[in-house]
Structures are given as structure tokens and as C-alpha cells.
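This report walks through selected local features of one protein structure, grouped by the part of the chain they belong to. Please keep the sequence and the structure in view while reading.

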Amino acid sequence: MKLAGINIYNVDVSAVRQLKLASATVLHLESTVVELITDTGLVGFGETCPVGPVYQPQHMLGARAAFQEIGSSLIGLDPRNIGQLNRAMDAALNGSRYAKAAIDIAAWDIAGKAYNRRVCDLIGGATSDTIPTYYSITTASPDEMAREARERQREGYARIQLKIGGRDLEEDIETLHKVKDAVKPGIRIAADANRSLTSRDAMFLSHRCMGISMVMEQPCNTVEEIAAIRHQLCHPVYIDESAEDVNSIMRAVSGGLADGFGIKLTRVGGISALRTIRDICDARSLPHTCDDTWGGDIIAAACVHVGATVAPSRFEGSWIAAPHIRGHFDDTNPVRIEAGRIQVPTGPGLGVTPGKVQLGSPIMSFG
């Protein structure tokens, strides 16, 4: 089996309502979908969808420029030899893991279809037919965030992520206390600052919220800032934006800098890299998520497949953008949330196939 062609598509995945993060406000988003076509007729799909150009260095136009560099060099390779495929991408272009991730995901999709197995079966086996997800509440007034947290708990979510930062620290502290009072005991709370707090403010917030059972997710911009205050905080620290690849996670683990991770599938380089990170976290008993910043059914399915293989005691859930996007790529087998959980796709490969109407015409092709 060899790759005979690659198509790249632009798909609108704009948010239903405006999302406010500490560093940006997001509404209009476009996803980049990759279609790998083999000489046997098997087709695999991948996807990458950065949240705008400000949240992190990854951005949509950067991914498409990367495909221009990579695309032609992959024609003729066997997509089932995923390690070889990843090495070929690295030989063609340094960095740009988030673009290469889409090709890696598509290759796993083809491998699953070739062996008539789900992706989760190829990377360790699913622990259950469904996996937990969590809900991320964007920045709003303390009362509004508390009200939404209460509603999401009623819907079955066992973990609530609260976006903080980018405003007066007192509002964040008030929000955390009001959410704690609004939800029933047992719900897991993550205060996600998206790198926005100074070391001083992270310590103030943690000490003022000492009585709240929660984790602090990426409170400061760099790992060095987090390391400087880590043992002065009252809460466990999860690293998210600074968990950029396998090496950065190994450094954080070996340095004892994190109690857990928020892992983004495309940021670290795709299913292959996330599988490695899963095993590192398992060896050190570190909880983590398996999710991404945004995207449609393809990214959602990939996150769910990897998440399904994580030991339940170490799994914080897979966040997917489905509740915030109109429609699905695959109307027959959509990836969606029911009562705070997601069904693991049952078809071979990723188990989702985007429709031609949703994809439209390719914006670039190779082979």
C-alpha cells in the first residue's frame, strides 16, 4: 500500500457563541482537514485546528504553509508505517508538529481500516465503551460562571474547568468561591489561567482559595515561573500550554514540576506522540487529559480513541468542541456528548467519515 494523493480542505468550525479566554476572544474559526488517499482505495482523515493566532504560536495559515513543504515528500510511502511517515515529515520540515499531527491522525485512520480495527484497539485497547469529558466555562461574571457550573453538573459533567485571568484578580477569586458553593461536593474543579497570572497573583489566588478543592492549570506563562512558586501554592499544578511535546513533558516529570497535564493532541504531534505521553504519565501515576484546543469530529474521535486507552484512575477526560459548533463532519456517526460522557466510535480506524458536502473542494492537493 502506498500514498497516491493528499487533499487539504478548509472547513468552517466557528463557535456558536463568543469564547473569552485570558489572552483572546474567539468566534470565527477554520479547521484544516487532511485526506490521505492510498493506491488501494483506502482513505484516511486527519485534522488540525488552532484557536486563532494569539492563544499559542500555532495558527491556521502556518499549518497550511507546512503542508506545502511536506505534502509531495510523502507520496509513495506506506501510510501504515507510521513511524517512517513521521520521520519523513521531520526530514522535510523542522517543527510544525501541529500540522504534522493531522497527517499522523490520518495515517492511524488508514491503519485501523487496513487491519479492520479501531484506533484505540491498535494503541492499547479501550477500557470502556464510553469515556468522561469535562466542560470548560469561559470567562464571565462570577454569578454567571457559578450558574453555568451548576447547570453543567446537572447535565452529568463530573469535572468543570473555569477560565480565569485577563481581569481583576478579585473577580477570579470571587468566581472560584461562588462556583464551589454552587456545585455539590465531589465535582472536580480546574482553575485554568491559560498562562495569564503573574507568580505573585498565582500565589495570592491559591492562598485566598485554600479551602477549595481544585487544581491550578497553567497559572503562569512559563515552566520556570511555575517552578519558582510551585511549593508555595496550596493546590496541585497541571501544565497545559507548556506541555508542547514529549521532551517538555519528560522535563516537567523528571523535575517534579507538575501534578498532572492538560495534553493537546495536535500540539504534541498527533496520536503517536500522545500515546508515548500517555505511557510516561502512567509510569509516574500522573493524571492528564487527552483533548485539543478546537476542531470537528476528526479531532474529537482521535482524542476519544486515545483517551479510551488511559487508565481510568489517571484520566481527566477528553474535552471536545462539539457543544460549541453547529453541525458535524459526519452526520451518521457524529462524536457527541451525552450525560457528561462520549461514546467511543465503533467503526474501524477513527470511526468517522466527513461528508463531501462538509468538506467542499480541496484548497490544495499533492500526488
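Buried means under 20% relative accessible area, exposed means over 50%, and partly exposed is the range in between, calculated with a 1.4 Å probe on protein chains only. In a regular strand the side chains alternate between the two faces of the sheet.

Strand 9 (residues 188-192) pairs with strand 10 in the parallel sense over 4 bridges, where pairing requires that DSSP finds at least two bridges between the two strands. Within this pairing, A191 has M216 of strand 10 as its bridge partner.

## Basis of the model

The model is predicted, and local features are therefore reported only at pLDDT of at least 70 and side-chain atom pairs only at pLDDT 80 or more, while totals for chains, interfaces and linings use all residues. Residues are numbered from 1 along each chain as its sequence is written, and side-chain values use heavy atoms, with hydrogens and water left out.

C209 is placed in the loop between helix 7 and strand 10, and C209 counts as buried because its relative accessibility is 0%. Setting aside residues up to four places away in sequence, C209 touches I173, L176, H177, M214 and H235, a contact being heavy atoms within 4.5 Å. C209 and S199 are 10 residues apart in sequence, and their C-alpha atoms are 16 Å apart in space.

N194 lies in the loop between strand 9 and helix 7 (199-208) and has a phi near 50°, a positive value in a residue other than glycine. N194 is buried, with a relative accessible area of 3%. N116, in the loop between helix 3 and helix 4 (119-122), also has a positive phi, of about 55°, although it is not a glycine. At 58% relative accessibility, however, N116 counts as exposed.

D104 is found in helix 3 (residues 97-114) and counts as buried because its relative accessibility is 0%. Beyond residues up to four places away in sequence, D104 touches I82, N86, M89, G269, G270, I271 and S272. With S272, the side chain of D104 makes a polar contact of 2.6 Å; such a contact is a pair of N or O atoms within 3.5 Å, where within protein one atom must be able to donate a hydrogen and the other to accept it, and residues adjacent in sequence count only if both atoms are side-chain atoms. The C-alpha atoms of D104 and P79, which are 25 residues apart along the chain, are separated by 8.9 Å.

D109 is also found in helix 3, and D109 is buried, with a relative accessible area of 0%. Its contacts, not counting residues up to four places away in sequence, are V43, G44, F45, V119, P348, G349, L350 and G351.

A146 lies in helix 5 (residues 142-154) and is buried, with a relative accessible area of 5%. Leaving aside neighbours within four places in sequence, A146 is in contact with K178, V179 and A182. The C-alpha atoms of A146 and T175 are separated by 6.9 Å, although these residues are 29 apart along the chain.

An open sheet of 3 strands has the order 6-14-13, with antiparallel pairing. Strand 6 (130-132) and strand 13 (337-338) stand at the edges and each has a single partner strand, so one side of each is left without a neighbour in the sheet. Strand 6 is joined to strand 14 (residues 341-343) by 3 bridges, and the two run antiparallel; P132 stands opposite R341 in strand 14.
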